[in-house]
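Trainee: Could we go through this structure together, one question at a time, so that I can see how each answer is reached?

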Amino acid sequence: MININSTKQLLAVSLIAFFSLTALGQNAHIIVDASKVMNKIPAKMYGSCIEDVNHEIYGGLYDQRLYGESFEEPAPSPKFNDWKILQGNWRSYESGVAVNSGEGYKFIRENTVVKDGSLEADIKFTRNGFNAGFIVRVNNEGSGADNFDGYEVSISASRHNVILGKHVHNYKPLAEAKATFDGKQWQHVKVTMQGAHILIYLNNETQPAIDYVDNDNPILTGKIGLRTYNAAAAFKDIVIADGTSTIKNEFKTTPPIQISRVWDAIETQGAKARFALDTINAYNSKQAQVIENITGKGKVGIANNGLNRWGIAIKGGQKFQGYVCLRAGQLNGPVTIVLQSADGSKTYASQKIVNVSPTWKKYPIALTSNTTDTKTRFALFIEGKGKLTIDQAVLMSTGADQFKGLPIRADIATKMQQEGLNFVRYGGTMVNAPDYKWKNMIGPRDKRPQYNGHWYPYTSNGFGIEEFVAYCEAAGFEGAFAINVEETPQDIADMVEYLTGSTTTSWGKRRAANGHPKPYPLHYIELGNEEVIWGDLENDYKHYTERFNLLYDAIHAKNPDIKVICAAWWRPRSPNMEIVFKAVNGKADYWDLHTDADEARAGITVDKNLQIMHDLFMKWDPNTRLKCTIFEENGGLHNMQRALGHATTLNAVRRHGDFVLTSCAANGLQALGQNDNDWDQGQVFFTPAQVWGMPPFYSEQMAAKNHQPLRVFSSVEGDLDVTATRNDAGNELVIHTVNTSANAIRSSVDLTGFSGRPLIKVYTLTGDPKGENTPQDPEKISTKETTIQITGNKIDYSFPANSYTIFRFTK
C-alpha cells in the first residue's frame, strides 16, 4: 500500500504508476478515501477550442453554404496538360513551373505510374521557406498537406538537409541528411526506387545522400508529383524513368477561364460566353465576377458546390434564405437562381430576379427544395443577351436548421452541446493575421471585407467575434476569445463597450442597432495567441507585455469585471518568463499553457508542466493570484489514442484543480478529409449532410456527464491513471480510471469514507488506439454504459486494454 500525504507525493506516485508495473504483472490496486478532500475541481474544465483552421468555421459551423462568397479567389491556374493541381497557384516559370508557399500544395502527373525507376528535377526556392521536392508512388491523393499515400523526397532551404518521409494520410519521417547548398540556386535532386529500396541523390553526387529500405508496409507503385510545404519554389527539367522508358517532361498549358476558382462556369450548348473578373468596381473587397451572354442563346452562368466542391446537402421541403449583389449591363431578361443536381440536369428550386439594376443592388434569395440530395449545387445564370456582374452571394438555411436563429448550422452546434462542453475558446493563430480586426466583423455581412487570413488568404468575416459570443450565449457555454495584440487600445475599448456596454453608450447603441440590445455575458478575453512562439527573444517578450498592459488598461477602463488572459508562449527554463510574469502579475488572471495530447499518457507531461508553472509562480510571488488555463490541448490525431490522451490530461487537470481554469481540446471541429493545415485533430467531424463524434468526443462527454466538484484521495499501485471525485454532499462518488496499456489490467478497488448502493454505473470507452469513427460507422468507438453489483467496499474489476472507465457510486 502507498500512503500519500501531499500533492507532491501524489504526483510522484502518479508518475511511478504510469511507468512501472507491480510485481503482480498486469494487476493493480486502487485505494480511494472519499472523506479526504484534496482540492476543488474547476466547474468549467470541459472545454473546446475552435478557430477557422481546416474550415471549422467557414465551411463548417458558419451556416453559409456557399464557399467563395466574395469572389476574391483568383482565376484558376493555367491547365497543365497531363498534370493535376491539388491546391496552390501553380504557374509557368522559365521552362518549368513555380508555386506559392502553402501547406502541402501538390502537383500530380496523371496517367504516369512508376513502380521501379527514377524521378529527377532541378529545384529552386524563390523565397525563404521550409521544404520542396517530389512525391512518388502516390495514391489516394486529395487536397490537404498529408492527404495522400506515398513518399516525400524534399530538400529544406531553412535547415539545409535532404528529407525522406512517408505519407499514409499522415506524415512519418524516415530519414534525413545534412547537405550544403544555396536554396536560391537550382539544385538537382534525384530519387531512384527499386522495391522497398529508395536512394536520394543531390547535385549529381555519386554517393546517395539517403539510402533507405522501407520494411514497414512499403508503398510499391503509384504516380509521381511535385510538392511544397510552406515554401515558394520552382521546378524544371523533370525526367521520369520507369525502367522501360524515359520521359523528359515538357509543360504545356491551356489558358484558364476567368472565373473565381472556387466557382464553376455554366455555358450550355449554343451559348457564347465571356467570363471576367472585375477588379475596378467590386461591390465589396477587391473583385467581382462578370458573366456575359454574347449571343443571347443558351445559358451562361456560374455554379457553386460548397466547400471543396463536396456539394450542398438539401432535404425535401427545406427552405433557404440569402442574398446576392448584382449589377447589370444592358441585360435582356431575368437572372435565374436555382438549386440543382451536381450535373445541372435536375432543378430542385428556382427563383427569377427581373429588371436588374445597372448599379449595385442587393437582392434577396428565397428557395424551397423539392427533393433530398446531398450533392446539390447553387447556380446563377442568364439566358438573354447582356452582361451581369456578381458579388457577395450568400445561401443559408432557415428555421430549425439554424441554431436558435443564429447563422450557425444547428446540427454542428447541437453536437457540441451533446459533447458536454461548458467552455469554448475562439482563438488561435488566426488572430495573429494583421487584418484580423474586430471592427471588420460587425454590421451587415455583405459590407464586411474579406481578409488575408493566416489559414486561408480569402477568409470571410461573416462569422466573427460577435457571432462567437452570441453562439456561446445561446448554447450555454462560457466563452473566451483571443484578439490581435496589435489592435489599438481605443479599438479594444470600443469592442468591450460594444459587447458589454449599455445601450446608453455609443457602441452599446450600435450593438442594439445590429440586433442584440442586451449586453453579452462576456467574462474572458485573451490578448494574442502563442505570442513569441517564434523564439526566446527578450525584446519580443517585452513588446508583448507592453501591448498586454495597454490593452488590459483599455479593457478594464470599460469593464473591470472581465478577466484577462496572458498568451505569452510558455518556456519554463527561460529567464524571459519571470520578466513576463512581473510585467503582467496583478493584472492577468490566467496564463495560457498549450499542451499536447496525442500520446495516450499525455497526462504525465501535463501534470509535470502544471506543477512547474505553479511552483515558478509561487517562487516569483507567493501571493500571486495568477493561475493557468489550457486553451489548446493540441495534436495531430482524432483516434482512440487521442481519446486516452484527453482522459489522462483531464486527470492531470483534476489534480491541479485549484490552479487551472479549463482544458480546451483542439480542434473542436473538422470537415472530413480536410487536413490542409496539419492539425488533424477534430473532436466533432462533419460533412455537408452529417455530423458525428470522434473517440475524443466521447471521452470529453463521459467526463462532463460525471463531473463532481471535489477531488478526493486516491492512490494506485499498477499501470493505471486514477482520480476520484465526489459532490459536496458526499452522496455521489466518481472514479476515473485510464488504462493506456495494450492489455487488460485486473485491479482491486478499496473504498473508505463512502457507503453506497450495491449497484454502480460503469461507463467504458475502449477500442483500437488507431481506431476512428466514420460516416458509415459513426459510433464504432463510443461510450458503453452498464451496471455492476458490489458487496461491501471492495471491487474486483478488469479494466479493458486501451480504455477510459468511470465508476459512479450513489448513496
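Mentor: Before we begin, helices here are DSSP runs of H or I with at least four residues, strands are runs of E with at least two, and both are numbered from the N terminus. Please also keep in mind that this is a predicted model.

Trainee: Is Phe71 buried or exposed?

Mentor: Phe71 is found in the loop between helix 2 (57-61) and strand 3 (79-80), and its phi is near 55°, a positive value in a residue other than glycine. A residue is called buried when its relative accessible area is under 20%. Because the relative accessible area of Phe71 is 0%, the word for this residue is buried.

Trainee: What is the relative accessible area of Asn802?

Mentor: Asn802 has a positive phi of about 50° although it is not a glycine, and its place is in the loop between strand 47 (794-799) and strand 48 (803-810). Asn802 counts as buried, because its relative accessible area is 11%.

Trainee: Which peptide bond is cis, with omega near -10°?

Mentor: Look at the loop between strand 37 (660-665) and strand 38 (669-671), where Asn667 has its place. The cis bond with omega near -10° is the one from Ala666 to Asn667.

Trainee: Which residue has the backbone oxygen that the side chain of Ser782 reaches at 3.0 Å?

Mentor: Ser782 lies in the loop between strand 45 (759-766) and strand 46 (784-789), and it counts as buried because its relative accessibility is 10%. If residues up to four places away in sequence are not counted, Ser782 touches Tyr698, Thr764 and Leu765. The backbone oxygen that its side chain reaches at 3.0 Å belongs to Glu779.

Trainee: How many Å separate the C-alpha atoms of Ile240 and Gly117?

Mentor: Ile240 sits in strand 17 (residues 233-241) and is buried, because its relative accessibility is 2%. Leaving aside neighbours within four places in sequence, its contacts include Arg109, Thr112, Val114, Ser118 and Leu119. Although Ile240 and Gly117 are 123 residues apart along the chain, the separation of their C-alpha atoms is 7.8 Å.

Trainee: Why are helix 5 and helix 6 called oblique to each other?

Mentor: Helix 5 (residues 489-500) and helix 6 (residues 506-513) have axes 7 Å apart, and they pack at an angle of about 50°. Residues that make this contact include Asp494 and Tyr498 of helix 5, together with Trp507 and Arg510 of helix 6. Angles under 35 degrees count as roughly parallel, over 145 as roughly antiparallel and 65 to 115 as roughly perpendicular, so what is left for the rest is the word oblique. The angle therefore makes helix 5 and helix 6 oblique.

Trainee: How many of the 11 residues of helix 11 are buried?

Mentor: The buried residues of helix 11 include Pro695, Phe697, Tyr698, Met702 and Ala704. Helix 11 (residues 695-705) is largely enclosed by the rest of the structure, because the number of its 11 residues that are buried is 9.

Trainee: How many nonpolar residues has the contact of helix 10 with helix 11, by class?

Mentor: The axes of helix 10 (residues 640-655) and helix 11 come within 7 Å and cross at roughly 30°, and the two helices are therefore roughly parallel to each other. Among the residues making the contact are Met640, Ala643 and Leu650 of helix 10 and Pro695, Pro696 and Ala703 of helix 11. By class, the contact has 2 polar and 3 charged residues, while the number of nonpolar residues is 6.

Methods
Residues numbered from 1 in each chain as written. Predicted model: local features only at pLDDT ≥ 70, side-chain atom pairs only at ≥ 80, totals over all residues. Heavy atoms only, no water. Buried < 20%, exposed > 50% of the residue type's maximum accessible area, 1.4 Å probe, protein only. Polar contact = N/O pair within 3.5 Å; in protein donor to acceptor, adjacent residues only side chain to side chain. Contact = heavy atoms within 4.5 Å. Axes fitted to C-alpha atoms, helices over the stretch in contact; angles between N-to-C directions. Nonpolar A, V, L, I, M, F, W, Y, C, P; charged D, E, K, R; others polar.
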